Amino acid sequence: MKLNPLVSQLALYDIANTPGVAADVSHINSRSEVAGYVGEEQLGKALEGCDVVIIPAGVPRKPGMTRDDLFNINAGIVKGLCSAIAKYCPNALVNMISNPVNSTVPIAAEVFKKAGTYDERKLFGVTTLDVVRAKTFYAGKAKVNVADVNVPVVGGHAGITILPLFSQATPKANLPEEDIKALTKRTQDGGTEVVEAKAGKGSATLSMAYAGAIFADACLKGLNGVPDVVECSFVQSTVTELPFFASKVRLGKNGVEEVLGLGPLSEYEKEGLESLKPELKSSIEKGIKFANQS
């Protein structure tokens with residue numbers, strides 16, 4: 001985000017180490033002024049006046065952990081941060097990265113509803129890393145220039161809830177069915193691939209930072225009135241019967257300008273869509289239930 005010319009002020013917040021990170025990143029010769037805030041008593045100051053809030057907070061996955069194992073720790077962190085957002089920058093666009101996104105986005109929505117600040121156009125689950133992976137893997141298999149590739153990814157942001165729509169991928173490559181199935185599985189298991197490669201030392205951070213910066217840039221472009229900014233994101237939706245769903249979204253001055261439909265699906269994708277729904281539904285309900293406890 002420090003490299004993004006649309007950012008004028010960059011506020012960093014964590015429960016430890018932020019002043020050092022802020023000092024380090026502040027030396028980069030780009031436009032934004034950087035401030036570091038540490039500890040809960042400085043959270044309000046960090047959030048005041050923000051147009052976009054990016055939440056990557058929480059613990060990373062370790063080998064053998066599912067995204068649900070992260071749930072109790074990260075859900076509590078997200079709930080606290082969203083209460084503060086409702087108080088200090090209720091009109092900000094919120095980019096939720098903290099996993100499990102399928103549950104943390106519904107948690108945020110409930111917190112904002114309780115505070116009377118909820119605007120469904122301003123809450124986003126960041127699924128961009130699924131898109132980034134799908135593009136990379138598709139380009140490798142189709143032997144096309146990755147810079148030209150586009151692949152919509154819909155559904156949610158964990159395991160089988162991630163549904164890349166390779167039938168809509170451009171440029172078209174007419175890959176055989178078994179390649180599409182393998183690419184789909186690799187996209188769904190991309191996070192696990194990195195967790196295992198790091199052998200207990202963390203999860204995807206560098207590719208996630210890139211994907212998070214891409215999505216935040218799209219939000220900033222939308223706020224600045226750039227036309228036709230479209231990215232996939234997990235948002236409140238009527239595309240399916242589920243209350244939240246990831247699909248292409250047109251971004252603008254109020255956040256979500258339009259949630260776009262799924263477009264034509266292959267038979268394989270239609271099956272994938274039906275099989276992901278129960279799991280996604282239960283993750284959403286889990287988030288809502290958590291948010292409404294005490």
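Author: Start with helix 5 and helix 8, which are roughly perpendicular to each other. The model is a predicted one. The angle between this pair is about 110°. Angles of 65 to 115 degrees count as roughly perpendicular, so the label follows. The axes of helix 5 and helix 8 lie 8 Å apart. Helix 5 spans residues 128–142, and helix 8 spans residues 206–223. Helix 5 passes helix 8 in a right-handed crossing.

Now the stretch around that pair. An unreviewed UniProt entry annotates residues 127–290 as "domain: Lactate/malate dehydrogenase C-terminal".

A second pair is helix 3, residues 71–88, and helix 9, residues 267–291. Their axes are 11 Å apart, and the packing angle is about 55°. That angle makes helix 3 oblique to helix 9. Their crossing is right-handed.

The structure holds one cavity of 30 Å³ or more. The volume of the largest cavity is about 80 Å³. Its lining includes Ile85, Cys89, Pro90, Phe112 and Tyr118. Asp119 and Lys122 also line the largest cavity, as does Thr117. By class, the lining has eight nonpolar residues, one polar and two charged.

Note on methods:
Residues numbered from 1 in each chain as written. Predicted model: local features only at pLDDT ≥ 70, side-chain atom pairs only at ≥ 80, totals over all residues. Heavy atoms only, no water. 1 Å grid on protein atoms, 1.4 Å probe; cavity = no way out; pocket = protein on both sides within 12 Å on 5 of 7 lines; lining within 4 Å. Points joined across faces, edges and corners; volume = space filled by probe spheres on them. Nonpolar A, V, L, I, M, F, W, Y, C, P; charged D, E, K, R; others polar. UniProt positions renumbered as here; feature names shortened; annotations may be inferred. Axes fitted to C-alpha atoms, helices over the stretch in contact; angles between N-to-C directions. Helix = DSSP H or I, 4+ residues; strand = E, 2+ residues; numbered from the N terminus. Parallel < 35°, antiparallel > 145°, perpendicular 65-115°, else oblique. Left-handed = near helix turned anticlockwise from the far one by under 90°.
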